[in-house]
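Subject: Structure handover

Hello,

Here is the structure I promised to pass on. Please open it next to this email and follow along.

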Amino acid sequence: DIVQSLQPKINNLFGHDKALKKVLDYYDENIVDETQNDYTGVFEGKNVIVIHAESLQTMALNRSFNGVEVAPTLSRLANEGIYFSNYYSQVGVGTSSDAEFTFGTSLMPSSNGTVFVNYFDREYQTIQKAFKNKGYYTFSMHGNTGDFWNRSTMHQNMGYDKFYSKSSFEIDETIGLGLSDKSFFKQVVSVIKEISEEQKGPFYGTLITLTNHTPWDDLELMDEYDTTMTVEIDGEQIVRDYLSGTTLGDYFKSVHYMDQAIEEFIADLDNEGLLDDTAIIIYGDHDARISKNKYEFMYNYDPYTDEVKDEDDEGYINYNEYEYRLDKSVPFIIWTKDRAYTKEITTATGMIDAYPIIENLFRLEKNKFQLGHDILGLNSQDNTVVFTDGSYVTNKIYYNGQNGEIYSINGDVVDENYIKINADYAGTLIDISNDIITYDLIKEIKNKSSEEVE
Ligand code: GP9
Ligand code: MN
C-alpha cells in the first residue's frame, strides 16, 4: 500500500527532474538571440488592437459569389497589410482558448487537457506582459461570460489589466452564442476611446468575436448574402441555389456578416481618431470544423448538370485528406491605416510564430522561452508548423503524425532526412511545451537564473 500511494509522487518527482533537464538543454542549444532586421521596431509605440476572429478560414477570403466577395474588408486589409496566407492554427481540445494561449506565449498548447482550464495557475511568459513592460495598458473584450474557458482567471494570469466580458456590455442584439459582433464592436469603440483618453501610454487590446461560431443557423439578423451560381444553358440564365442551407453556405453568410462588422468597426475607430496610431492585427482562431464532404461537394459541383462530378468528369478535383487539412489554414493580418508595409508571406507559419513576429515589429523584450520564429523579419523560405498530434506542414510536405504518411504539396520530392528531422522537431516542440506547462518550469527557470545573478 505504501509503495502504491507513493508511486505517483515518485513518478512526478522523477518526471519533473527529467523535464527540467530536457527543457534547460533545449534552451541551451536554441538560444533566443536579439535580432535586427528590416522590420525591427517599425511599429514601436503604436497602439495594438488584436481581433481574434472566431472560426475564420483563409479559404473564405478572396472568394466571391455573383461578383460579391465573401469577405471584402478582410481581403482588402490582407492586400494592404502584412498578410500570412499560409498560416495555421495549432490548437488542441482547448480550441479558442488554445489559440489565445499559442498566440500569447509562443508555446504549443497542452496535449493533456487545456491550459486555460487545467494549468491556469502556472506562470507564462506572455505578449501581454511584454507590452505591459513597454508601458502599454492591456485589456481584452468578449461578449460571452467571463467564466467561459476560465478566461476571467487566465486573462489576468496572462497579463491583461482588465477583461471586459459579457456583463460589461449591453446585450441588445443576440445572434447564435450571444451578443452580436456588430453590437459588440459598436460598444467596444466607445470603451477604447475612454481607455485612450484615460491612459497616458499606448494600449494593447484583444477583441474576441463570437457570432461566427458554429452552427451558423441563426442568420435572420444578417444581410442576405447570395451564395448561388448562375449559368447560361441554351440561352437561358439558370440560377443554381446549390449552397443555401448547407453548412458551407451558411458559414460564408456568417463570415460575410463578420466582415461587415469589422468594416464598420474600423470606420468607427477612424471617425474617433483612433486609427492613425494603431496597428490592427487579425487572426482566425482555428478552422470552422466543417466536414470534408462539404468541401468536396462545393469544389466538384457542376452547375450545368446540377450534379456532383465524379472521377471521370472533366475538371474533377481529387480533394484528398491533405487538401482538406491545408484548407484549414487561417488568415493572419497586420494592418495599419497608412499601408506602410504591404507584403504577402507564403512561408508556412504557425500561431506560435505570431509572438516572435510581433515582438520584432514592436521591439518588445525577447521572450527567451518562445518556440516560434520571426518568419517576417528573418525572411524564411521554408518553415515547419507543428500540430498537437505530431503532424506537421512545411512549404513542401504535409506529414501525418498518426500514420507517417507524407503528402507532397507541389510535387516536391524530399529526402528521408528532411522528413525525420522535422518529425523530431515536431516531437521536441510538443514535449518542451508540455514539460513547461505541466511542471511550471518558466517560473522555476526564471527563479533559478535570478538566483544565479545574485
Ligand atoms: C466562446 C468562444 C468560443 O466564448 O470563444 O470558443 P470555442 O468553442 O471556439 O473554443
Ligand atoms: Mn473559437
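Start with the hairpin formed by S11 and S12, which has 2 residues between the strands. One turn residue to look at is Asp234, with a positive phi of about 50°. Please bear in mind that this is a predicted model. Strand S11 covers residues 229-233 and strand S12 covers residues 236-240. The two run antiparallel, joined by 5 bridges. In one of these pairings, Ile233 has Glu236 of S12 as its bridge partner.

Next, the ligand site. Which residues are around ligand 1? They are Glu54, Thr95, Ser96, His142, Asn144, Phe148, Trp149, Arg151, His213 and His286. By class, this shell holds 6 polar, 2 charged and 2 nonpolar residues.

- His213 places a polar side-chain atom 2.7 Å from an oxygen atom of ligand 1.
- Arg151 has a side-chain N or O atom 2.8 Å from an oxygen atom of ligand 1.
- Glu54 has a side-chain N or O atom 3.2 Å from an oxygen atom of ligand 1.

How much of ligand 1 does the protein bury? Taken alone, ligand 1 exposes 310 Å², and the protein buries 93% of that.

Now the aromatic rings. The count comes to 38 aromatic pairs. Take Phe101 and Tyr124 as one example: their ring centres are 5.1 Å apart, with 85° between the planes. That makes the pair edge-to-face. Phe101 sits in helix H3 (residues 95-105). Tyr124 is in the loop between helix H4 (115-118) and helix H5 (127-133). The pair therefore links distant parts of the chain, 23 residues apart. Are these two residues buried or exposed? Both Phe101 and Tyr124 are buried.

Why does the pair of Tyr242 and Tyr301 count as stacked? The ring centres of Tyr242 and Tyr301 are 4.4 Å apart and their planes are at 15°, so the pair is stacked; the cut-off for stacking is under 30 degrees. Tyr242 lies in the loop between S12 and helix H8 (247-271), and Tyr301 lies in strand S14 (residues 301-302), so the pair ties together parts that are 59 residues apart in sequence. Tyr242 and Tyr301 are both buried.

Last, find the aromatic cluster made up of Tyr39, Phe43, Phe131, Tyr136, Tyr204, Tyr341 and Phe362.

Best wishes

Terms used:
Residues are numbered from 1 along each chain as its sequence is written. Chains are lettered from A and ligands numbered from 1 in the order in which they are written. This is a predicted model: local features need pLDDT of at least 70, side-chain atom pairs count only at pLDDT 80 or more; totals for chains, interfaces and linings use all residues. Side-chain values use heavy atoms; hydrogens and water are left out. A residue is near a molecule or strand if one of its heavy atoms lies within 4 Å of it. A polar contact is a pair of N or O atoms within 3.5 Å; within protein, one must be able to donate a hydrogen and the other to accept it, and residues adjacent in sequence count only if both atoms are side-chain atoms. Accessible areas come from the Shrake-Rupley method with a 1.4 Å probe; for residues, only the protein chains shown count as cover. Ala, Val, Leu, Ile, Met, Phe, Trp, Tyr, Cys and Pro count as nonpolar, Asp, Glu, Lys and Arg as charged, and the others, Gly among them, as polar. Two strands pair if DSSP finds at least two bridges between them. Helices (H or I, at least four residues) and strands (E, at least two) are DSSP runs, numbered from the N terminus. Rings of Phe, Tyr and Trp (its six-membered ring) pair if their centres lie within 6.5 Å; planes under 30 degrees apart count as stacked, over 60 as edge-to-face and the rest as tilted. Buried means under 20% relative accessible area, exposed over 50%, partly exposed in between (1.4 Å probe, protein chains only).
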